[in-house]
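Take a look at the model below.

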Amino acid sequence: MKDILQPMVVLLAWTMVMWAWMYITRLPAMQKADIDTPNLVGSTGGDLDRVLAPKTQWKAHNYNHLMAEPTLFYAVCIVLFLVGHGQGMNMYIAWAYVGLRIAHSLFQSLINRVVIRFAIFVLSSLCLIALIVHAMIAVF
């Protein structure tokens, strides 16, 4: 029954991988750009888009994406777990979602061709929609 928690935890761990990758690439780039980080006041990560190379920022953009739609994934996984529907097809859909989100991260961080990135995003969103529909059926 707790099968659906596994892909959820993997996506949580992947998010932290992206967090580390973001900082491993971003901090040296900030130093190279002579950004006075100790004295920065009122700046946001988006401000760095004007200063740092796009390839550096792609990792940060993806990390931000992992803070958006996946929050719905976590919620629906918990719902499915709580109502006893976290195995079988729902587990496979959850794994597909996680695999697609990892593929999306890698593609955005390394190549970032928008049309392909968008296709991967749409496929993962369809997985999420399926999980939400299954949760609705189980709850109502």
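The text starts with a lysine, moves on to salt bridges and ends with cysteines.

This is a predicted model, in which local features need pLDDT of at least 70, side-chain atom pairs count only at pLDDT 80 or more, and totals for chains, interfaces and linings use all residues. Residues are numbered from 1 along each chain as its sequence is written, and side-chain values use heavy atoms, with hydrogens and water left out.

Start at lysine 59, in helix 2 (residues 54-65). Helices here are DSSP runs of H or I, at least four residues, numbered from the N terminus. Lysine 59 is buried and has no salt bridge. Buried means under 20% relative accessible area, exposed means over 50%, and partly exposed lies in between (1.4 Å probe, protein chains only). A salt bridge needs a side-chain nitrogen of Lys or Arg within 4 Å of a carboxyl oxygen of Asp or Glu. For lysine 59, the nearest side chain of opposite charge is aspartate 49, 12 Å away. Lys and Arg count as positive, Asp and Glu as negative; His and the chain ends are not counted.

What does the side chain of lysine 59 reach? It reaches the backbone oxygen of serine 109, at 3.1 Å. Leaving aside residues up to four places away in sequence, lysine 59 touches Met18, Trp21, Met22, Thr25 and Ser109. Contact here means heavy atoms within 4.5 Å.

Now the charge pairs. Side chains of opposite charge can pair when their charged atoms come close. The structure holds two salt bridges. One joins arginine 50 to aspartate 47, at 3.4 Å from N to O. Arginine 50 counts as exposed, because its relative accessibility is 69%. Aspartate 47, at 26%, counts as partly exposed.

Another salt bridge joins glutamate 69 and arginine 101, with the closest N and O atoms 3.5 Å apart. This pair links distant parts of the chain, 32 residues apart. Glutamate 69 lies in the loop between helix 2 and helix 3 (70-82), and arginine 101 in helix 4 (residues 89-110). Glutamate 69 has 16% relative accessibility, so it counts as buried. Arginine 101 is buried too, with a relative accessible area of 1%.

Last, the cysteines. How many disulfides are there? The count comes to zero, where a disulfide is a pair of cysteine sulfur atoms within 2.5 Å. The sulfur of cysteine 77 is too far for a bond, because the closest cysteine sulfur, in cysteine 127, is 11 Å away. Cysteine 127 is likewise in no disulfide. Cysteine 77 is buried at 0% relative accessible area, and cysteine 127 is buried at 13%.

Key:
Helices (H or I, at least four residues) and strands (E, at least two) are DSSP runs, numbered from the N terminus. A polar contact is a pair of N or O atoms within 3.5 Å; within protein, one must be able to donate a hydrogen and the other to accept it, and residues adjacent in sequence count only if both atoms are side-chain atoms.
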